[in-house]
Amino acid sequence: MDGKRRNIEQEATVEFLPEEILTEILLRLPVKSLLISKTVCKYWHSIINCTGFVKKHLLARAAGYNQHKKFLGPVFPDKKNASYSCLLYREDYDGTVHAEAFNFPYKLFFSHEKVIPVSLSNSCDGLICFVRDQRILLWNPSIPTDYKIIQSPLISNVDIVRMGYDATSDDYKIIKVSSECHIDEDYISFEIFSLKSSSWKSKRIAKKNSVYYYTSRFIYAKNGLHWIATLFNEEEDEYTDCIIYFDLAEESLDYLNLPSNSLDCSAVMNFKESIAITGENSESQQELWVLKDHCGLKSVWNQISCSDFISPVLSVFFSFTSNGETLVQRGNDSLKDSYYSLPASPYFESLLSPRMLQ
């Protein structure tokens with residue numbers, strides 16, 4: 001009897017708070033604490049499980065309530081690192097960064113635990129996107145049993161796959177595009193998967209008059225796909241580097257100028273809520289620039305200090321910590337160890353389920 005009375009009193013206590021106040025409190029908790037809080041009572045469970053709460057919790061990260069800074073970095077499986085396909089880099093409140101193994105859920109993807117090379121695409125709103133042949137896996141590691149496998153058009157070695165969020169339609173999209181483009185082609189071909197409609201569609205977008213012949217280093221940032229491209233101006237018979245931007249909402253292309261025509265751009269990467277580029281100037285010095293104003297070929301860039309940045313020939317630029325310091329991979333072990341030349345994908349934990357996206 002005493003046990004029943006105690007349970008009734010506990011439920012009455014947790015339900016005493018108005019839902020608006022309780023929601024504001026829960027929004028400030030990290031994912032791990034929320035998963036525990038779901039077991040307190042049915043009332044809390046219904047609030048935390050609500051799709052509206054999950055979306056609000058995603059927005060709360062912008063206020064810094066519930067997140068540590070984290071990055072995902074891809075690695076090639078080998079004898080030493082055969083059990084995982086990426087590393088998780090975690091930044092503590094004091095600014096120190098730690099690297100740890102991030103085990104890939106082989107059994108979910110392949111129905112067995114045999115190690116097979118899998119490519120890390122990127123992370124978006126707590127979901128991680130992995131690719132293998134004609135299949136794409138969306139997985140939320142905070143909820144290990146929650147995942148979605150998507151059948152895709154054949155993905156070749158030159159194809160790039162990235163996942164992003166289209167806020168205008170409240171839809172998550174997966175974009176597939178080739179990293180190579182022949183100079184005589186008049187368009188770029190995209191394959192676009194909508195999680196809301198659970199369907200693929202093909203789209204061809206005409207290229208700029210100054211056609212480009214090579215692309216590299218694709219990242220997802222600011223609601224779009226960015227990559228470095230080389231433009232060829234037929235009239236002046238010259239090559240110029242730029243950044244191409246694919247807008248997820250409009251499903252259109254835009255072209256961003258570089259800060260200087262003399263900058264040999266080598267990488268584009270995420271910088272907080274914007275993007276940054278690095279490259280070598282005419283004096284063979286490394287420069288680091290952050291996009292200030294997105295205005296197409298009249299975009300404005302700000303140069304920032306890169307005293308701790310080493311030539312990309314010797315190391316790979318990885319990402320930025322929350323205080324703006326550069327995180328660089330060097331050599332071939334732990335945090336200073338990499339043999340895969342891709343920028344990191346920002347990562348944070350969330351309650352987002354792939355099943356919520358349909």
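In the predicted model, Asp170 is found in the loop that runs between strand S8 (159–166) and strand S9 (171–178). Although Asp170 is not a glycine, its phi is positive, at about 50°. Most residues other than glycine have a negative phi. Asp170 has a relative accessible area of 30% and is therefore classed as partly exposed, since that class covers values between the 20% limit for buried residues and the 50% limit for exposed ones.

A positive phi also occurs at Ser198, a residue other than glycine, where the value is near 55°. Ser198 is placed in the loop between strand S10 (187–194) and strand S11 (199–206). With a relative accessibility of 39%, Ser198 counts as partly exposed.

Lys176 and Asp159 form a salt bridge, with an N to O distance of 3.4 Å. This pair connects distant parts of the chain, as Lys176 belongs to strand S9 and Asp159 to strand S8, 17 residues apart. Lys176 and Asp159 are both buried. Side chains of opposite charge can pair when their charged atoms come close. Across the whole structure, a search finds nine salt bridges.

Another of these contacts joins Asp166 and Lys173, whose side chains meet in a salt bridge at 3.2 Å, N to O. Both partners, Asp166 and Lys173, are buried. A further salt bridge, of 2.9 Å from N to O, is made by the side chains of Glu251 and Lys201. Glu251 lies in the loop between S14 and strand S15 (252–256), while Lys201 is in strand S11, so this pair ties together parts that are 50 residues apart in sequence. The two partners fall into separate accessibility classes: Glu251 is buried, with a relative accessible area of 9%, whereas Lys201 is partly exposed, with a relative accessible area of 41%. Through shared partners, salt bridges join Asp166, Lys173, Lys201, Lys203 and Glu251 into one network.

Lys203, a member of this network, is located in strand S11. Its relative accessibility of 28% places Lys203 among the partly exposed residues.

Glu236 counts as exposed, because its relative accessibility is 53% and the class of exposed residues begins over 50%.

The helical part of the description concerns helix H2, which spans residues 19–27 and has Leu22, Thr23, Leu26 and Leu27 as its buried residues. Viewed down the axis of H2, these buried residues fall within an arc of 135°, so they line one face of the helix. An α-helix has 3.6 residues a turn, so residues three or four places apart point the same way.

Key:
Residues numbered from 1 in each chain as written. Predicted model: local features only at pLDDT ≥ 70, side-chain atom pairs only at ≥ 80, totals over all residues. Heavy atoms only, no water. Buried < 20%, exposed > 50% of the residue type's maximum accessible area, 1.4 Å probe, protein only. Helix = DSSP H or I, 4+ residues; strand = E, 2+ residues; numbered from the N terminus. Arc of directions from axis to C-beta. Salt bridge = Lys/Arg side-chain N within 4 Å of Asp/Glu carboxyl O.
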